[in-house]
Amino acid sequence: MSITLTEAAAQRVISFMTNRGKGVGLRLAVKTTGCSGMAYVMEFADEFQPEDKIFEDHGVKLIVDPKSLIYLDGTELDYGKEGLNEGFKFNNPNVKGECGCGESFTV
Amino acid sequence: MALLQISEPGEATAPHQYRLAVGIDLGTTNSLVATVRNGKAETLPDNNGQAILPSVVQYLGDNKLVVGEAAKNAAVDDPYNTIGSVKRLMGRSMADIKKLSGAIKYDFVDTESNVPRIKTRGGAVSAVEVSAAILTQLKRRAEQALGDELSGVVITVPAYFDDAQRQASKDAAKLAGLKVLRLLNEPTAAAVAYGLDNKAEGIHVVYDLGGGTFDISILRLNRGVFEVMATAGNSALGGDDFDQVIAQWIMQQAGIADNSNQSLIRYVSQQACAAKEVLSQSEQVEIVLDGAMGLSWHGVLSRSKLNELLDPLIKKTLIPCRRALRDAEVTQAEIEDVIMVGGSTRMLRVRERVAEFFQCEPLVAIDPDKVVAIGAAVQAHTLVGNKSDDEILLLDVIPLSLGIETMGGLVEKVIYRNTTIPAAKAQDFTTFKDGQTAMSIHVLQGERELVSDNRSLARFELRGIPPMVAGAARIRVTFQVDADGLLSVTAREQTSGVESSVQVKPSYGLEDAEIAQMLTDSLSHAAQDVAARNLCEQKVAAERVVLALQSALKADGDRLLSAAERKNLDAGLRHLQEVAQGNDHAAIKLATERLNESSTEFAARRMNDSIRSAMAGHNVDEFSE
């Protein structure tokens with residue numbers, strides 16, 4: 001079981017966290033919604049839940065609840081630029097299909 | 001695969017639910033766009049990493065235009081087709097523009113309409129169209145950067161903008177295909193950017209010296225709520241003027257004539273601007289005018305000389321500061337901090353003088369060019385619904401006084417400018433003539449004394465007033481402005497309860513032409529206004545005396561006056577009527593007083609007579625209780 005993130009993504013997360021001034025890590029989750037079944041959730045986390053799994057990579061704590069972990073196992077979080085737009089990408093090996101825009105996916 | 005952003009705990013939105021919103025600072029010299037991403041408000045740069053977009057548009061013809069840096073650079077070679085500082089023209093009429101401080105040197109098209117249009121190679125363009133071109137550019141940049149269409153924008157405007165100027169800004173956004181969530185006053189945006197809403201309660205000052213406008217605002221933070229206590233400023237003073245002073249000095253030193261060609265003057269202005277920026281870092285700067293323009297001159301501008309040039313202009317900014325303090329009824333000592341906004345506040349001299357004036361060190365941590373856009377982005381983020389709760393409630397003020405027309409074409413202000421909204425205020429008025437049964441209520445906006453100089457918002461009539469003698473009716477006129485700036489005016493006759501009302505939304509439903517027509521003059525007519533007001537008041541007073549005496553003479557003249565007395569009063573009456581036609585307020589006053597004096601005896605007799613008749617048949621004892 002593992003979740004990782006790239007150097008670029010880690011740098012961004014750390015800079016956003018510093019700017020925010022508080023928080024214990026980055027929470028990644030999956031919720032069942034969206035036009036293609038599931039959607040990623042990415043939030044600053046202010047506290048851990050007892051059942052949380054915590055992965056530390058490049059100095060960033062990635063917090064995932066056990067249910068989401070089933071869908072996220074093996075995911076690498078990346079940060080990229082597309083023209084002027086920039087943001088995080090989930091490289092998730094479990095994904096079988098995405099909706100056109102890529103905001104939601106199926107496993 | 002979509003690019004995702006981090007959200008605050010519990011605020012992650014469902015796919016396609018996150019609504020993109022940006023804040024736009026549509027400035028005189030420069031414009032910016034900002035948004036909130038990953039919990040952080042930041043300006044969005046263009047492909048070259050530049051966040052600042054010069055508010056300059058060059059028209060190339062064939063529906064082609066260039067916006068921004070390239071247009072700014074073209075200004076020297078193509079001055080008449082390259083439009084800058086267009087914000088100064090927003091919502092202004094042709095007449096207003098003629099009065100603007102010499103800075104505007106475009107060719108205007110002569111048209112029937114009052115909306116000024118500038119002649120360019122691409123046809124005649126209005127200020128709204130030029131602004132729309134700038135907004136379109138920023139919109140395109142934001143949509144590229146955020147990867148989707150925008151749900152809405154918050155555009156900032158100077159607190160000083162009147163309704164026509166605000167409407168013009170909204171029209172420009174509409175033309176650019178943007179949905180305006182709201183217009184936000186620039187100082188309020190700056191305060192939001194500094195997160196003053198999270199700070200201790202207190203009074204904050206926003207000193208905004210932009211390219212073309214100066215605004216001073218006094219905000220009070222009270223239980224987490226911003227209240228704008230007062231605003232003042234000068235809508236025709238800014239960094240451009242500072243550059244001009246320096247440019248003039250250079251021209252004087254280099255022996256360049258004032259009436260040299262446009263390109264040359266613009267070139268010198270650019271040099272002046274560059275020199276000013278260097279002097280924020282170093283003690284002196286060498287200015288070299290090279291041969292490109294057929295010039296060869298070089299000289300040195302020291303910081304102390306610069307200070308000497310700038311001081312008179314800085315002093316001009318401190319006058320509105322004093323006025324705002326007075327309006328807000330606060331002293332320098334009560335001020336918590338001063339936020340510096342606008343590129344011109346980078347000038348060290350400005351910071352020094354402001355610190356001196358307000359007796360506290362100004363806040364300069366956030367880039368003064370970006371602070372307004374950042375605040376607007378934070379506000380847009382909240383308004384579009386990406387934030388769950390604890391919304392910032394921003395109170396606004398009424399930018400211009402609201403009042404009604406009274407006899408003689410004068411305006412009686414009911415709600416004064418800088419009153420915080422929502423607001424409600426009532427004032428009693430009365431009838432002017434005996435037996436008057438209707439009253440026309442004319443709602444106006446503006447600071448001037450005469451109706452003709454203010455903006456007309458609405459007219460309505462109150463009918464069914466019971467016939468009474470002049471001055472006996474009590475008509476209560478209530479002005480109510482709700483949180484959205486919607487004004488409703490109600491008139492109610494107190495004894496009979498007849499009522500009539502009207503709703504006005506000053507910012508909406510007005511055609512461009514109408515707005516232009518209703519444009520008010522600025523605040524520079526105080527003396528003239530006072531004289532006009534005196535004359536009107538005197539004329540009204542004279543008319544009142546004439547009417548009262550006429551009706552008294554009709555009722556009792558024959559019974560209570562001798563033929564000689566009657567003749568004397570009639571002559572006085574005629575004299576006053578004649579004088580009142582003229583424009584000499586002192587003469588009208590004199591004639592009114594004379595007639596008043598000569599009719600005193602008649603009035604006394606009427607009084608005695610009516611008491612006698614009222615008491616006839618009664619015993620004195622009946623009245624002594």
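The crossing of α3(B) and α4(B) is right-handed, the near helix being turned clockwise from the far one by less than a right angle. In this predicted model, local features need pLDDT of at least 70 and side-chain atom pairs count only at pLDDT 80 or more, whereas totals for chains, interfaces and linings use all residues. Residues are numbered from 1 along each chain as its sequence is written, with chains lettered from A and ligands numbered from 1 in the order in which they are written.

Helix α3 (residues 127-146) and helix α4 (residues 163-175) of chain B pack with their axes 8 Å apart, at an angle of about 50 degrees. α3(B) is therefore oblique to α4(B) (angles under 35 degrees count as roughly parallel, over 145 as roughly antiparallel, 65 to 115 as roughly perpendicular and the rest as oblique). To the contact, α3(B) contributes B:Ala127, B:Val128, B:Glu129, B:Ser131, B:Ala132 and B:Leu135, and α4(B) contributes B:Ala168, B:Asp171, B:Ala172, B:Ala173 and B:Leu175; residues are in contact if their C-beta atoms, placed from the backbone, lie within 7 Å. The contact residues comprise 8 nonpolar, 1 polar and 2 charged (Ala, Val, Leu, Ile, Met, Phe, Trp, Tyr, Cys and Pro count as nonpolar, Asp, Glu, Lys and Arg as charged, and the others, Gly among them, as polar).

Chain B also contains an open sheet of 4 strands with antiparallel pairing, in the order β19-β18-β21-β22; strands pair if DSSP finds at least two bridges between them. Strands β19 (410-415) and β22 (455-462) of chain B form the edges, each pairing on one side only. Strand β18 (residues 402-406) of chain B pairs with β19(B) in the antiparallel sense over 5 bridges, and B:Glu405 stands opposite B:Val411 in β19(B).

Key:
Axes are lines fitted to C-alpha atoms, for helices over the stretch in contact, and angles run from 0 to 180 degrees between N-to-C directions. Helices (H or I, at least four residues) and strands (E, at least two) are DSSP runs, numbered from the N terminus. Two residues are in contact if their C-beta atoms, placed from the backbone, lie within 7 Å.
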